[in-house]
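The following exercises are to be worked with the sequence and the structure at hand. Each task is followed by a solution in steps.

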Amino acid sequence: MYGVVQGVGFRPFVHATATGLGLAGSVRNDSAGVQTEVEGPWEAVEEFGRLLRENAPPLAQIERVTVDALPPRGERDFTIAPSGPAAAGRTQAPADTATCAECLRELADPADRRYRHPFITCTHCGPRFTIITDLPYDRPVTTMAGFPMCADCEREYTDPTDRRFHAQPIACPACGPRLEFLAPDGRRASGDEEALAGAARLLADGGVLAVKGIGGYHLACLATDEAAVATLRRRKRRGDKPFAVMAADLATARGIVELDDAETRLLTSPARPIVLARRRADPRPRPADAVAPGNPDLGLMLPYTPVHHLLFGPRPRGAGDAGLPGIAVLVMTSGNLAGEPIAADDADAARRLAHLADGWLRHDRPIHIPCDDSVVRVVDGIEVMVRRSRGYAPLPVRLPFAVAPTLAVGADLKNSCCLGSGRSAWLSGHVGDMDDLATLAAFDGAVTHLEHLTGTRPLRLAADAHPGYRSRAWATERSRARSARTDGRPAPDSPARPVRFVQHHHAHIAAAMVERGLDGTTPVIGFAFDGTGYGTDGTVWGGEVLIADYLGFRRFAHLGHVPLAGGDASVRRPYRMALTHLAAAGIAWEPDLPPVAAAPPNEREVLARQLRGGLGVVPTSSVGRLFDAVSALLGVRQTVDFDAQAAIELEARSRGATADGRPYRFELREPAAAGGPLIADPGPVVRAVVADWRGGVDGATAGARFHEALVALVVTLAQRARRDLGLETVALAGGVFLNALLLASARRALLGAGFDVVVSRSVPPDDGGLALGQLVVAAAGDRL
Amino acid sequence: MGHGGGGALSAELVEHLFLPAFGAAGATELDDCAVFAVGSARLAFSTDSYVVRPLFFPGGSIGELAVNGTVNDLAMSGARPLCLSTAFILEEGTPLTDLARIATAMGEAARAAGVRLATGDTKVVDAGHGHGVFVNTAGIGLIPDGLDIRPARVRPGDAILVSGDVGVHGVAVLSCREGLEFGTTLQSDTAPLHDLVAAMLHPGSPDARADIHALRDPTRGGLAASLNEIARAAGVGVDLVERSIPVPAAVADACGILGLDPLYVANEGKLVAFVAPGDADRVLAAMRRHPNGRGAALIGTVVAEHPGLVVARTAFGATRVVDLPLGEQLPRIC
Ligand SMILES: [Fe+3]
Ligand SMILES: [Mg+2]
Ligand SMILES: [Zn+2]
Ligand SMILES: [Zn+2]
């Protein structure tokens with residue numbers, strides 16, 4: 001059996017199934033998967049094969065089963081054999097999984113020997129991806145290697161009928177890791193209960209607690225404490241970027257946000273992602289305003305480790321802080337500064353979080369690889385991944401065709417990388433923004449870890465075509481050598497590995513195509529709307545309609561170009577994009593317009609000159625930047641603290657509003673030359689926005705009119721492509737489609753017009769999922 | 001046209017086009033300046049072409065740049081400049097008064113630097129085939145006995161010193177060229193630096209020489225380009241303390257508006273020095289006593305970690321990677 005079959009209780013399950021049918025034989029792990037031999041009556045053997053597939057344990061994902069006939073040996077017993085040596089092929093490492101119901105019951109049972117044990121785990125739950133250093137998955141290749149099992153744990157571990165049979169992270173109070181609390185005054189409380197009580201007291205007093213979790217440190221504080229949240233925000237240099245919260249349980253969560261069935265299922269799933277859900281008008285308990293300023297949604301998750309459960313729960317009788325009530329909701333944000341990777345190594349965390357945290361709740365089980373929380377949102381009943389990390393990494397995405405071993409290095413911001421071989425693509429967790437030395441180091445670690453967990457050495461590399469991407473530079477550097485030396489020079493006589501450069505928006509669309517298993521024989525009408533991507537003509541793209549398969553693409557249409565002045569400066573200051581779009585639309589910069597008022601006069605003068613003279617100016621067709629401009633024109637947001645803030649706030653403003661039957665309209669211009677792209681001119685939209693602003697139309701209506709204009713543009717262009725080319729399938733990709741309002745309306749409109757619509761779901765539609773698209777494009781040329 | 005920007009693209013041209021084409025006749029060590037022995041003397045030899053627009057800007061002209069630029073390239077090997085050649089490529093129709101102003105500026109700069117303009121050449125190209133005046137200068141300098149200043153000598157632990165405010169020349173020229181108002185307070189910092197180098201080499205008594213490992217004048221591509229070149233050439237890491245880098249408010253403001261990073265903006269009268277740790281204090285003090293080094297500062301150290309990378313530590317403990325400039329400005333934020 002191949003797939004995710006190790007570390008998930010598969011062998012005890014095989015053992016129980018075989019013995020239940022009276023079969024003899026054996027089962028064992030090897031690096032290819034799980035191998036079992038059974039001997040007995042033919043009917044029983046057949047039944048065994050059926051039950052294996054049908055009753056597999058909850059975390060197992062069987063990808064493939066191969067069957068051989070062997071001569072009978074006359075065996076009588078069924079045994080679990082020692083793990084086999086590393087063989088060719090590979091098994092798959094499981095993802096980290098939330099504490100299961102069974103373990104929670106034991107955790108709360110005073111009679112159980114693991115009552116209130118912060119490291120309770122079994123074969124169905126607990127850390128995996130973040131503690132496994134190599135395969136085959138066995139305790140010595142996890143970070144539990146330093147904790148010898150006690151006799152009781154050993155007994156459970158070796159008993160095929162026990163839930164903890166070969167549960168590699170098995171532990172108990174006698175032999176497991178230990179919690180420790182470091183108080184602000186430097187005092188140390190050891191002993192699990194004392195540590196928990198100290199941490200809970202610190203939180204209750206409004207302090208910021210660094211908590212070591214599964215994939216790294218969180219910074220936590222009471223989400224209901226305005227001062228504590230403001231302190232954390234200031235220390236983290238967080239600007240306005242929303243914090244995620246962790247609610248004690250589902251009932252508490254329901255008091256804070258509205259949850260439909262799909263959201264509830266996600267929130268309580270074994271992956272336990274952060275779910276972006278709509279806030280209740282009158283939340284109880286009420287999170288502080290500073291948790292997610294000006295945002296109608298809240299990112300919320302439930303406890304997923306025993307430490308979380310114990311931290312939230314009431315203190316036990318007799319412990320030092322018996323009187324302390326339970327906690328309802330905590331801010332739980334990654335332990336890092338903006339843009340840095342999450343801190344996971346204890347020494348590194350102690351250094352990097354020293355000025356962020358007041359106290360520390362930590363333990364001595366090392367984290368081998370950092371892994372941030374995942375973020376998911378539900379749009380029109382479909383799950384859209386916003387950040388794919390803990391709980392999902394490194395579960396493979398199934399590819400529509402087999403690929404040679406290839407590593408795709410992803411984008412520079414929101415980086416994650418992707419390693420593919422055969423029909424599997426394994427994505428790393430969220431790595432972060434490649435501006436920071438710590439992120440570059442985390443990237444190296446993520447690549448090495450993926451290679452170890454999958455036994456795959458990539459033969460080629462894929463990277464974005466942007467000449468300034470560090471990920472591209474990394475790939476170029478590594479292409480020279482299979483194993484680079486520490487000084488970065490090629491190792492002697494190591495063969496070169498080719499790098500393929502993949503256009504950014506082509507990769508976005510390819511990632512969406514993988515979702516549906518499209519094999520690429522028919523191209524799709526691909527809409528790639530995002531902020532920035534390097535185009536084949538050296539300009540900045542971001543509003544692209546590409547007729548694409550995996551092998552290539554044709555630019556069918558794009559948003560009309562405007563000059564982007566000053567690179568990232570115009571991204572951070574949406575008022576500049578508004579001024580740019582005004583100038584392009586022929587509208588004077590009058591001070592009644594919010595972005596004109598927001599721009600300092602000398603900056604306006606300089607910008608005017610830049611737009612005329614071309615200093616530091618690159619043409620862009622970005623829809624993300626058009627969102628920025630409209631957001632600024634409607635007075636929603638003039639400068640941003642985090643990616644897409646202006647667009648997110650415009651979406652929030654527009655939700656629930658209607659266009660009143662008067663959506664704005666892009667003007668479609670025919671190609672300048674035959675076969676060239678159609679141009680969607682944003683000028684009429686910008687002029688209509690200004691007219692609405694001046695006419696006193698409220699921002700919500702204007703925002704809705706803008707969203708509808710984009711939807712109409714998508715449908716019109718898709719129809720045009722269908723008419724001209726006979727294509728039926730539309731792919732929606734790029735970060736702009738994280739906008740739930742736009743995605744839901746565009747999807748509905750396209751379905752209504754008879755199109756088949758594909759959207760990335762198992763990887764984020766934005767740059768976080770780019771590596772998957774790079775991989776399939778780079779590998780498509782010579783598919784296996 | 002990013003290939004002349006002093007960044008990654010220029011480096012690529014040299015590595016992938018010129019060096020392979022030159023073959024055995026090419027240089028082995030890539031530097032702004034070649035060093036070779038004639039008898040017992042060691043000479044430094046360098047050339048540079050000047051295509052700056054506009055020809056005249058606050059604080060100078062193409063003339064001063066052409067003299068000081070080559071003088072400084074020589075000085076960065078520790079050499080005392082002896083003489084320069086000058087070659088002009090003139091566009092037909094260039095006013096002679098402009099040419100006269102440039103020539104006068106060159107004469108004065110040479111006199112101030114104590115070098116001779118020893119030989120020269122003039123060519124005229126058709127109108128539309130040039131941009132007024134292009135100037136090339138080449139220079140020869142004499143390296144004092146026993147002095148060995150080159151990137152390969154840089155070691156972990158070395159102190160990194162800069163001689164003053166960064167980004168001034170680039171912003172002054174840009175302001176003038178683009179008619180940007182905020183630039184009126186800024187003047188190009190063009191200056192010859194060999195005298196400053198001499199003062200740095202002998203910070204105390206004339207016979208005790210300070211151990212300076214490498215010098216660079218961060219012209220095109222700014223401080224970022226120079227530091228990246230050294231990091232790569234020496235196989236070391238560069239750790240900068242961001243807030244210790246002297247950036248005048250006018251430069252910071254202008255860069256903010258234009259979306260530029262001051263570390264990537266050109267300087268014409270500044271140097272960056274890599275100095276053995278034991279000598280750093282003395283050298284820094286000597287720089288501050290010299291008119292061309294009054295604003296000198298310790299901006300970072302050389303480390304063994306992250307070889308080939310330049311990293312700026314922010315006030316909040318983040319470690320921003322400072323790349324080799326691209327030569328053109330493209331956003332990366334998606
Ligand atoms: Fe993108
Ligand atoms: Mg030079
Ligand atoms: Zn469990
Ligand atoms: Zn135990």
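**Exercise 1. Burial and overall form of chain A**

Determine what share of the 784 residues of chain A counts as buried, and compare its radius of gyration with that of a compact globule.

Solution. Step 1: a residue is buried if 20 or more other C-beta atoms lie within 10 Å of its own, exposed if 12 or fewer, and partly exposed in between, with C-beta atoms placed from the backbone. By this rule, 56% of the 784 residues of chain A count as buried. This is a predicted model, in which local features need pLDDT of at least 70 and side-chain atom pairs count only at pLDDT 80 or more, while totals for chains, interfaces and linings use all residues. Residues are numbered from 1 along each chain as its sequence is written, and chains are lettered from A and ligands numbered from 1 in the order in which they are written.

Step 1: the radius of gyration is taken over C-alpha atoms, and the globule rule is 2.2 Å times the number of residues to the power 0.38. For 784 residues the rule gives a value near 28 Å, and the 27 Å of chain A agrees with it. The C-alpha trace of chain A spans about 85 × 65 × 55 Å along its principal axes.

Step 2: helices (H or I, at least four residues) and strands (E, at least two) are DSSP runs, numbered from the N terminus. Chain A has 23 helices and 29 strands. Two residues are in contact if their C-beta atoms, placed from the backbone, lie within 7 Å. Among contacts in chain A between residues at least 6 apart in sequence, 71% join residues at least 24 apart.

**Exercise 2. Helix α1 of chain A**

Is helix α1 (residues 10–20) of chain A largely enclosed or open?

Solution. Step 1: eight of the eleven residues of α1(A) are buried, so this helix is largely enclosed by the rest of the structure.

Step 1: the buried residues are Phe10(A), Arg11(A), Pro12(A), Phe13(A), Val14(A), His15(A), Thr17(A) and Ala18(A). Their cover includes β2 (24–30), β3 (33–39), α2 (42–54) and β5 (78–80) of chain A.

Step 2: after α1(A) comes Gly22(A), with a positive phi near 70°.

**Exercise 3. The largest nonpolar core**

Which residues have the most contacts inside the largest nonpolar core?

Solution. Step 1: a nonpolar core is a set of buried Ala, Val, Leu, Ile, Met, Phe, Trp, Tyr and Cys residues joined through C-beta atoms within 7 Å. The largest has 340 residues, and Val245(A), Leu300(A) and Leu161(B) have the most contacts inside it. Helix α21 (residues 699–725) of chain A gives the most to this core, with ten residues.

Step 1: beyond four places in sequence, the residues that Leu161(B) touches include Val272(B), Ala273(B), Leu284(B) and Met287(B).

**Exercise 4. Chain B, its domains and its contact with chain A**

Describe the form of chain B, its domains and its side that touches chain A.

Solution. Step 1: chain B has eight helices and 14 strands. A compact globule of 334 residues would have a radius of gyration near 20 Å, and the 19 Å of chain B agrees. Of these 334 residues, 48% count as buried.

Step 1: domain bounds come from an automatic or database domain assignment, which gives domain 1 (29–143) and domain 2 (151–322) of chain B. Their C-alpha centres lie 23 Å apart. The contact takes 22 residues from domain 1 and 21 residues from domain 2. On the domain 1 side, α2(B) gives the most, with nine residues.

Step 2: 26 residues of chain B are in contact with 46 residues of chain A. On the chain B side, β14(B) gives the most, with three residues. This side has 14 nonpolar, eight polar and four charged residues, where Ala, Val, Leu, Ile, Met, Phe, Trp, Tyr, Cys and Pro count as nonpolar, Asp, Glu, Lys and Arg as charged, and the others, Gly among them, as polar.

Step 3: pLDDT is the predictor's confidence in each residue, from 0 to 100. The mean pLDDT of chain B is 89, and 93% of its residues reach 70 or more. The model scores ipTM 0.85 and pTM 0.91.
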